[in-house]
Amino acid sequence: MSASITLGGRLRPAPGTILRGLLLAGLALLALLPVLNRLPPDAALYVSDFVVAVSGKWICYAILALAIDLAWGYAGILSLGHGAFFALGGYAIGMHLMRLIGPRGVYGHPVLPDFMVFLGYTELPWYWQGFQFFPFAFAMALIVPGVLAGVLGWLAFRSRITGVYLSIITQAMTYALMLAFFRNDMGFGGNNGFTDFKELLGMPLNTAGARAALFYAALASLGASLLLCRHITKSKLGRVLVAVRDAESRVRFLGYDTTAVKLSVFVLSAMLAGLAGALYVPLIGIINPGEFSPGNSIEAVVWVAVGGRGTLVGALLGAFSVNAIKTWLTSFAPDLWLFVLGGLFVAVTLLLPRGIVGLLQKGPGR
Amino acid sequence: MTIRTPFSRRALLAAGAGALAMPALRPASAQSGPIKVGVLHSLSGTMAISETALRDTVLMMVEDANKKGGILGRKVEAVVVDPASNWPLFAEKARELLQVHKVDVTFGCWTSVSRKSVLPVFEELNGLLFYPVQYEGEEQSKNVFYTGAAPNQQAIPAVEYLMSEDGGAARRIALLGTDYVYPRTTNRILRAFLNSKGISDADIMEEYTPFGHSDWQGIVSRVKRFAGEGKKTAIVSTINGDANVPFYRELGNQGIKAEDIPSVAFSVGEEELAGIDAKPLVGHLAAWNYFMSVDSPVNTEFKAMWSAYIKNPKRVTNDPMEATYTGFKMWSQAVAKAGSTSVDAVRTAMYGQKVATPSGYEEQMFENHHLSKPVMIGEIMENGQFNVVWKTSSAIPAENWSPFIPENASRRKPT
Amino acid sequence: MWRVVLLLLVFALPVRAQGGFEAALPGLAGGFAQQAEAVERLGAIGDPRAVPILRALAEGRMQKRADGGLLIVEGGAVRDALTGAAAEAGEVVRINNRVRGALRGAFGRLQLLSPDPAERIAAAEGLFRSRSPENVSLLEDAVGRETDPAIRDRMTLALAASRLAAPEDVAKRQGIVVLGGTASAEARGLLLEARAANPALAAEIDAAVAAIDTRLQLKRVAETAFQGLSLGSILLLAALGLAVTFGVMGVINMAHGEMVMLGAYTTVLVQELCRGVPWLAPLSLPISVPAAFLVTAAVGVALERGLIRHLYGRPLETLLMTFGVGMILQQGVRLLFGAQNREVVSPSWMQGTLLLPGGIEVTQNRLWIILFSLVVLGLTVAAIRFSRFGLEMRAVVQNRRIAATMGIRTGRVDAMTFAFGSGIAGMAGVALSQIDNVSPNLGTGYIIDSFMVVVFGGVGSLAGTMIGALTLGVVNKMLEPWAGVVLAKIAVLVGIMLFIQRRPKGLFALKGRAAEQ
């Protein structure tokens, strides 16, 4: 607990005007990308499909970062398993996309996805029922992560498992899920996961139009999530959260049900991560158990740390900047990018405890 | 308590701003200027162990092409990216190669999932991918040329050999694999094949392990018990590269000799054996379409080229490297024939293209986008190389849609 | 059909054997089937001149001239196999498993009476597997002469197997009785094979198989326990360093796996350095242990003094930072040593199996690792309990300020403690190099398991770490046969998660002031 107190120098640094301006400009710029994509390729402002696709992915990552920031930055719950919630949301939509392929699969089976056909399934497993309907699948993308987080959180918070122990348990959870989803017997396509999607909501994927639509859906979701998180953190609940983060016992002695407070924010955070995953999969065109790998979850936490935790803008900044660096360096310096990225993680935690946001705000925190 | 930050903030701000600046994207190239070859192999993460050698092979071929004056008189330029063993990143990098770097052809992927991840991108943008690794089949795309083996070019001949008098006349088979689609599909095909040869399900053991599995004690002792039923037993291993070293160690330590329970592997080559002491493994088998020990003039040339390029006498060649070599040669020939690097022209020119390969055979690209290949069975020797004990008399065409998968009857015809 | 042919062949052998030693030789350079036949004939003839020739064939030192004449390579010189005259090099003669099997049988016949006990054991093994009735009288003779009881036991088994293949029912019955007294899956296989050919003996064979099955059952339990202990000892080794850095210091080192990996690479380096010096080469593994400790401890000191010390009291930040350090170390090793696996040779005393009473087989390398893990644990406990450094370390853990006022240089103790934990991880790497891949990814596979062991056992308790690791190993191996490898592992993970809900402080909770942090 002493760990959190050191950070409580200022409870929540209010984003300065620079930051707010930066945020709005950034979102506006993002919103323009699909429009610029429609320009003729030799136009000066033309952006390629690649840029649209990659920024769409970053937007989804930004929602995931927001979710982590809400739990970690505000409630002090450092989950190293948010990748699992993200992946579960992705799998729910992935199941819907697989069902929509219908008889267009390689083997022309009316119901079964290709991987089930060649693995010798004769009928659809029961848990695949209902996913042919988009509203059901979308609801599941939020409910399944929410329920999982609810059960795990209830067990953990009730036993007052906090800090590092909670992190290790959530890490074990995502690791166990990864092993489970790698099994072909689970009926989720094993290591290959789901790919080769055809359409969503009557819209053929793999076209510039569909990408633009998905891009705007993700951007709108990001905006909505940002507003929701902002609303929560500004509300009374938000203040209690920060209090729980900084001195849980004291809050409990004051008569608050800290378990319920933490649980509700953890569940909400998991559902946001599920939403991010649900948006991510149709954009990227693949979901597989690799998304559950513990390294992915840690990386997502690092985005938040880099951006500056406890500030919603920071989560966005971190997600965008780290992923931009990664995209750039994996092509520009394929042998050395891990040094740069690893070095960045070290430098930020060591030198910039409040991340980029702390750097942009005038002067040190105190 | 205050947080100590021993370095100056201003210096950091400058460094951070530099690092965060969005990358400038390079201008596009067209049918003039250098020919661009994309290299899409993982250089970090779990697959780096296998894929870095393929990156080096492509770079070697590019260097060689340039030494010989380029292709169509144009210089060849490699664009290397690192998809970091991360499957969604494969799709992103594929799009980047095609749209940002405008590559004319891409050599890449190892695992099936990475190929499945990039496939929609290559199809949407009409790119060209050469995939150099043996796989489970059940796929065919007009944008991919498969230069590794299909199951009929590797798995089935290997099992036939085990059941032959020379291979030990096995009548009981343990199918051990890593739990992913290649072993699952291959074993399904093999089971159907074994059943057709009169081996009942009671004489087949099938077991799967996770990736990178390192504790084989239990499974190896179960195989020993499985072998104690009075019939000659053999192991067919579709264990993925990395898990093979501990598996073989356990086989050796539990005293399973190849003379008693031979094992044949489909994913173990010279590269994997370089990581272990091969003495206890002498006699265990692998089935491939090329071995480094093959005695052919093209192979001599290939090996000399490799050791000159990599400048390390210890580095070996293996089957996927040979498939990369063959793919590159074939692509260069097709470009020369088409007189252009345009994907559609090259695709048409690829059909019927023939290359004398290091395997010592002439291989041909068929319209099913797969190569004809010889099948070879090699026994592990003490030095980690393979002694070819059986091979087909000619290169055999690929059946990428296996006749042993009944659902293939109702399959849609590829477009 | 082929069985009949084989049977005929077997009976035809002695007749053709009279064709003589020279006549059999050319077959050795023929096709695999011809080779196998020639080897069997040479074995049946029993001419001792065949031994060096067959050995050369087995060891890949045989060549053939263009005219089919056989050559043997010895010490770099090529000689004619028969005359011993120096000759030009020819084409290498290769063999396959079938020939190798025949060779084993032939060596069995030729060397059963050899003065070298190792050769006699190998011969008995070979004859057990070739199980030909031809060998019955030979084996009876050998069993009578043998003085070493262990070798005599093997010969008796080989005799039983050969008798089982004999045409007379009396001999078969004798064989069945002996084989039924073993706990060997191979003997069981022989009996079942014989059962198909001898319906008249079915009842006796079934009884013998049932007797073996009972023993196999016991053996299976013992072996599962051993496998569990082995897995547990590996978990213990991997987790012990973490138990020090995390349990004692509260530092979450996500680069712990990379420390293990560095230890394994040190083993590779030491081995390569020792390779040039003949008398050092067999000692390379024992030398690696302290070397790995020093190397990783040095890296640990650098890490602690350079980075971690700035983050004390902020365990979550340490976690993220060391994750970055892990990425850098991994890629650094990858660029320095290559992404490929590196070869680590196992010394001969770590290869093969050890036969315990009751037919229980344990693999030597795992046995050594179990012992090694216990030694490392003992040293760790001793260092913490009985050394000056351990005393200071405990003092700092219990109350940093008071320890400082007593004149303990707490910063130095922190560095030493972290170095100590990292050094243990390095020693774990030496052991892991014997069973796993030595590649840059080596450590990633162990990090989560190590954390789970430490948390399960109780943070800060070395006894808890040991009992936790061994429990998890044994439970995992007990679940494996019926749940499969993956489900067993998942079950263990979920089990630990639920256990921690019940006992958040693990099996052995620390009590007192230190526990309150």
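**Chain A and its surroundings**

Modeller: Let's start where chain A meets chain C: 39 residues of chain A are in contact with 33 residues of chain C, a contact being two residues whose C-beta atoms, placed from the backbone, lie within 7 Å. Keep in mind that this is a predicted model, where local features need pLDDT of at least 70 and side-chain atom pairs count only at pLDDT 80 or more, while totals for chains, interfaces and linings use all residues. Residues are numbered from 1 along each chain as its sequence is written, and chains are lettered from A, ligands numbered from 1, in the order in which they are written.

On the side of chain A that touches chain C, two or more residues each come from helix 1 (2-7), helix 6 (134-158), helix 7, helix 12 (294-307) and helix 14 of chain A. Helices here are DSSP runs (H or I, at least four residues), as strands are (E, at least two), numbered from the N terminus. Helix 7 of chain A gives the largest share of that side, 13 residues. Sorted by type, the side has 27 nonpolar, nine polar and three charged residues. For that sorting, Ala, Val, Leu, Ile, Met, Phe, Trp, Tyr, Cys and Pro count as nonpolar, Asp, Glu, Lys and Arg as charged, and the others, Gly among them, as polar.

Now turn to chain B. That contact takes 47 residues from chain A and 50 residues from chain B. Chain A's side of it gets at least two residues from each of helix 3 (49-74), helix 5 (114-118), helix 7 (163-182), helix 13 (312-332), helix 14 (337-351) and helix 15 (355-360) of chain A. Helix 13 of chain A supplies the largest share, seven residues. By type, the side of chain A that touches chain B has 24 nonpolar, 17 polar and six charged residues.

Next, the inside. The largest nonpolar core has 285 residues, and those with the most contacts inside it are A62(A), I63(A), L64(A), A65(A), L66(A), A276(A) and V301(A). Such a core is a set of buried Ala, Val, Leu, Ile, Met, Phe, Trp, Tyr and Cys residues joined through C-beta atoms within 7 Å. A residue is buried if 20 or more other C-beta atoms, again placed from the backbone, lie within 10 Å of its own, exposed if 12 or fewer, and partly exposed in between. Helix 3 of chain A gives this core its largest share, 20 residues. Take L64(A): leaving aside neighbours within four places in sequence, L64(A) is in contact with H82(A), F86(A), A273(A), A276(A) and A300(A). A second, separate core of 124 residues includes I377(B), V39(C), F107(C) and A142(C).

One more residue ties in with that first group. S225(A) sits in helix 8 (residues 208-234) of chain A, and S225(A) counts as buried because it has 20 C-beta neighbours inside 10 Å. Not counting residues up to four places away in sequence, S225(A) touches I63(A), L66(A) and L272(A). The C-alpha atoms of S225(A) and L66(A) are separated by 7.8 Å, although the two are 159 residues apart along the chain.
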